Amino acid sequence: MRASGATLVLAVVAAAVLNAAVLCSGGFTSSFVRKVEKTVDMPLDSDVFEVPPGYNAPQQVHITQGDHIGKAVIVSWVTVDEPGSKLMTLNIYYEVGIGHTTRTFWFTTPPAVGPDVPYTFGLIGDLGQSYDSNRTLTHYERNPAKGQTVLFVGDLSYADNYPNHDNVRWDTWGRFVERSVAYQPWIWTAGNHEIDFAPDIGETKPFKPYTHRYRVPYKASDSTAPFWYSVKRASAYIIVLSSYSAYGKYTPQYKWLEDELPKVNRSETPWLIVLMHSPWYNSYNYHYMEGETMRVMYEPWFVQYKVDVVFAGHVHAYERSERVSNIAYNIVNGICSPVSDQSAPVYITIGDGGNLEGLATNMSEPQPKYSAFRGPASAMQRSLSRTGPMLTTVGTVTRMDMPYKLIPCGFSTDSGILLMILQLLNLEQLQSNGCI
Ligand SMILES: *[C@@H]1O[C@H](CO)[C@@H](O)[C@H](O)[C@H]1NC(C)=O
Ligand SMILES: *[C@@H]1O[C@H](CO)[C@@H](O)[C@H](O)[C@H]1NC(C)=O
Ligand SMILES: *[C@@H]1O[C@H](CO)[C@@H](O)[C@H](O)[C@H]1NC(C)=O
Ligand SMILES: [Fe+2]
């Protein structure tokens with residue numbers, strides 16, 4: 001298949017439309033529990049992989065934020081024969097393709113960035129394209145909280161599980177998720193399954209299929225590579241980091257992050273969220289300490305700049321940390337255990353979108369003190385009913401020293417493992433929604 005991708009940046013000039021009804025379904029959770037066993041990928045002839053009809057029809061349409069502040073959208077798609085085409089578009093409805101076959105999609109422009117703007121994110125990681133992946137996406141679409149943007153924490157298609165990293169599986173994945181990502185932005189993070197480094201078959205350039213297919217607005221945040229960047233959306237400042245790019249001192253990612261953190265204006269975006277693929281605090285017996293070297297490099301900054309929450313994937317399970325830091329250690333002083341630290345973020349692993357590798361269930365015992373909650377869906381639900389409707393899965397995000405006291409309300413989870421819905425509300429909005 002001679003596929004050519006096309007990417008255009010659309011300027012969004014229409015006034016922001018914000019859904020005024022803020023749902024606060026704290027404690028909502030579905031009874032769905034993903035089975036522990038490995039699943040299988042949906043076969044190539046599955047309904048969700050169907051090629052849209054028509055000669056050279058644009059397919060795998062996906063959008064993401066196109067600039068730093070949400071006034072532009074990057075629209076990308078793939079056509080089979082002729083090179084991808086010019087965009088003829090309106091601001092909210094957009095049409096891709098030329099001549100023979102065009103297809104129309106739409107999206108809602110985001111609200112202007114500001115501290116009191118409620119917003120709802122979906123969090124998905126490690127999705128893949130199995131039958132369980134399809135269930136995750138369906139759960140997300142049907143979730144009453146109506147996520148407006150997906151924060152995707154890496155590992156998209158798992159095409160690299162196939163011989164020669166079969167790129168057909170990148171295509172099927174693109175067609176599979178189109179039903180969501182053509183209509184709302186997904187903010188991309190690179191995972192290990194995006195590396196596609198395979199010198200044995202002549203592929204010596206890492207991240208090629210991923211970067212060719214999934215554009216991100218990295219230049220808008222002065223980044224020099226698409227693996228680390230930032231966007232503002234509503235009341236949140238979102239920093240995306242790359243677990244699989246160099247992050248040591250003096251590296252481009254390090255220097256970028258060092259310059260980036262002081263730029264965050266918490267009066268404008270009180271929420272500071274970081275996305276990465278490999279978790280720093282993980283007590284499952286999978287990928288144990290893989291995030292450790294990055295933690296050592298960057299954790300002091302996360303505490304200094306009071307990052308609210310760090311989301312990661314990679315481990316196919318759910319885990320939430322206490323607010324802890326482990327930054328006192330200096331090789332000789334022996335102070336090497338995480339300690340409670342109200343300036344530290346909460347770390348959440350949400351790494352099971354349903355890929356074919358199955359659930360991670362093997363945990364280190366006893367549960368380390370830093371780990372506030374981990375476990376399979378059924379346990380998650382029990383824990384929810386104990387904590388009642390004021391579901392603060394993130395714990396209490398009540399930073400008295402922050403200009404705005406924000407509490408995530410309605411961290412509704414579908415099984416607590418597949419995906420998470422994050423609603424950003426300020427204190428007043430919470431009160432008027434009966435959350436506190
Ligand atoms: C995937 O999910 C959608 C929506 O629930 C459903 O219509 C479709 O049949 C499913 N496909 C497969 C292969 O499971
Ligand atoms: C921070 O944001 C606030 C609110 O938008 C604004 O009034 C203030 O000027 C900003 N501060 C800086 C240093 O840009
Ligand atoms: C769980 O992981 C530990 C440590 O890797 C291993 O020793 C143990 O056999 C595993 N248990 C199961 C049931 O797989
Ligand atoms: Fe991973």
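This is a predicted model: local features need pLDDT of at least 70, side-chain atom pairs count only at pLDDT 80 or more; totals for chains, interfaces and linings use all residues.
Residues are numbered from 1 along each chain as its sequence is written, chains are lettered from A and ligands numbered from 1 in the order written, and side-chain values use heavy atoms, with hydrogens and water left out.

Me: Which residues are the protein donors of the iron ion (ligand 4)?
Reply: Donors are N, O and S atoms within 2.8 Å of the metal (3.2 Å for Na, K and Ca); water is not among the atoms, so sites may look incomplete. Here the donor atoms lie 2.1 to 2.2 Å from the iron ion. They belong to Asp155 (OD), Asn192 (OD1), His277 (NE2) and His314 (ND1).

Me: What is the geometry of the site of the iron ion (ligand 4)?
Reply: Four donors count as tetrahedral if all angles lie between 85 and 135 degrees; four count as square planar and six as octahedral if opposite donors are over 155 degrees apart and all others between 65 and 115; anything else is irregular. The angles among the four donor atoms of the iron ion run from 88 to 170 degrees. The site is classed as irregular.

Me: Is His314 buried or exposed?
Reply: Buried means under 20% relative accessible area, exposed over 50%, and partly exposed in between (1.4 Å probe, protein chains only). Asn192, with 23% relative accessibility, is partly exposed. His314 has a relative accessibility of 3%, and therefore counts as buried.

Me: How much of ligand 1 does the protein bury?
Reply: A polar contact is a pair of N or O atoms within 3.5 Å; within protein, one must be able to donate a hydrogen and the other to accept it, and residues adjacent in sequence count only if both atoms are side-chain atoms. Polar side-chain atoms lie from an oxygen atom of ligand 1 at 2.5 Å for Asp47 and at 3.2 Å for Thr138. Accessible areas come from the Shrake-Rupley method with a 1.4 Å probe; for residues, only the protein chains shown count as cover. Ligand 1 alone exposes 360 Å², of which the protein buries 60%.
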